[in-house]
Amino acid sequence: MSSSTSPTVLLNTGVQMPILGLGTYKLVGPENVYQAVDAALAAGYRSFDSAAVYRNEADLGRALKELLPKHGLTREDVFITSKLGPKHQGQGSMEAALHSLSQLDLGYIDLYLIHWPGTQGLQVSDQRNPGNRAKSWASLEELHAQGKLKAIGVSNYKLTHMKELMQSCKIPPALLQVEFHPQLCQTELRSVCKEYGVCFQAYSSLGRGELLSHPVVLEVAKNCDRTPAQVLLRWAVQQGVPVLPKSSNPDRIQRNTELFDFSLSDADMDKLSALDCGLRYCWDPSDVA
Ligand code: A2P
């Protein structure tokens, strides 16, 4: 994959976002971040997904500032996502988003998401959660108007959170990022996003690595002579869903880009989609009021 051929999706802000980005959850420490970003830029990644809670915003920003010139790239060639931590939902949201901006220190953030519908320290059922979310969204809208956050969106929102946001927002979310893989097809959320013009993005496409050894994934991988990771990522991008595989291994970082020179047959797509059973490998936001 090269930067000129890297496929993109159009956000409702009019900006093109790469369909493939590097996830950075659990990528910590300046050297690990530097090595992964170097390998990713060499492999053609132009999108990087961070978050305040990953504690790697500063290392990611520093690595990019050093590495972009080495790869003949500028700030405008990359798409950087970060997220507001649940600890700062509500009252502290403006300050926390400004902190993300200063940690990354890349001038602006391409996409900034509310990471979680709840607030750290409150019960999931606490009726202050909706008000806190609304306050956070207002902070993001303000920073978007100032040009500091080029696009704003949400992560881990369920259907009711999305409906509530669409009814109350001044600026609609550009994107919803949720767990998505063959065992969690998120059919309802995907169709609501489509209806609202919100980009639906996957995280944990590999099921935290667990899905890589699923017998059906292995069978499809064997059929098409691809790796299980490529099959799982291709299953998503073939449906137009952007993906964010995380790897700290340069070889896997490279192999996870090889998604656009093959396609899965309808039969293989159906076989994978038939695994849908609502299984989550990550956090479940279902009970957040
Ligand atoms: P590693 O960083 O050692 O490569 P998810 O994106 O679903 O959260 O999955 C991420 C996990 O999958 C990480 O543990 C990562 O480990 C592993 N992983 C990423 N790409 C591959 C690959 N191509 N083959 C095997 N494991 C992978």
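V53 counts as partly exposed, with a relative accessibility of 44%; here buried means under 20% relative accessible area, exposed means over 50%, and partly exposed lies in between (1.4 Å probe, protein chains only). You will find V53 in the loop between β4 and α2. These labels are DSSP runs numbered from the N terminus, with helices (H or I) of at least four residues and strands (E) of at least two. Although V53 and L84 are 31 residues apart along the chain, their C-alpha atoms are separated by 8.0 Å. If we leave aside neighbours within four places in sequence, V53 is in contact (heavy atoms within 4.5 Å) with G85, P86 and H115.

A word on the model itself: it is predicted, so local features need pLDDT of at least 70 and side-chain atom pairs count only at pLDDT 80 or more, while totals for chains, interfaces and linings use all residues. Residues are numbered from 1 along each chain as its sequence is written, and side-chain values use heavy atoms, with hydrogens and water left out.

Now look at S47, in strand β4 (residues 47-49). S47 is buried, with a relative accessible area of 2%. Beyond its neighbours within four places in sequence, S47 is in contact with P18, L20, G21, L22 and F79.

Next, follow the chain to a pair of helices. The axes of α2 (residues 57-70) and α3 (residues 93-104) come within 7 Å and cross at roughly 35°; these axes are lines fitted to C-alpha atoms over the stretch in contact, and angles run from 0 to 180 degrees between N-to-C directions. On the α2 side, E57, A58, L60, G61 and K65 meet S100, Q103 and L104 of α3. By class, this contact has three nonpolar, three polar and two charged residues. In this scheme Ala, Val, Leu, Ile, Met, Phe, Trp, Tyr, Cys and Pro are nonpolar, Asp, Glu, Lys and Arg are charged, and the others, Gly among them, are polar.

Helix α7 (residues 215-224) shows two faces. Its residues V216, V217, V220 and A221 are buried. They lie on the same side of α7 because they cover an arc of only 135° around the axis, judged by the directions from the helix axis to the C-beta atoms. An α-helix has 3.6 residues a turn, so residues three or four places apart point the same way. The buried residues of α7 pack against α8 (228-237) and α10 (266-273), whereas the face turned away carries the exposed residues P215, K222 and N223. Just after α7, D225 takes a positive phi of about 55°.

K26 lies in the loop between β3 (22-23) and α1 (30-43), and N156 in the loop between β7 (152-155) and α5 (159-168). K26 is exposed at 59% relative accessible area, but N156 is buried at 5%.

Finally, step back to the whole chain, which has 10 helices and nine strands. A compact globule of 289 residues would have a radius of gyration near 19 Å, and the chain agrees with 18 Å; this radius is taken over C-alpha atoms, and the globule rule is 2.2 Å times the number of residues to the power 0.38. Buried residues make up 53% of the 289 residues.
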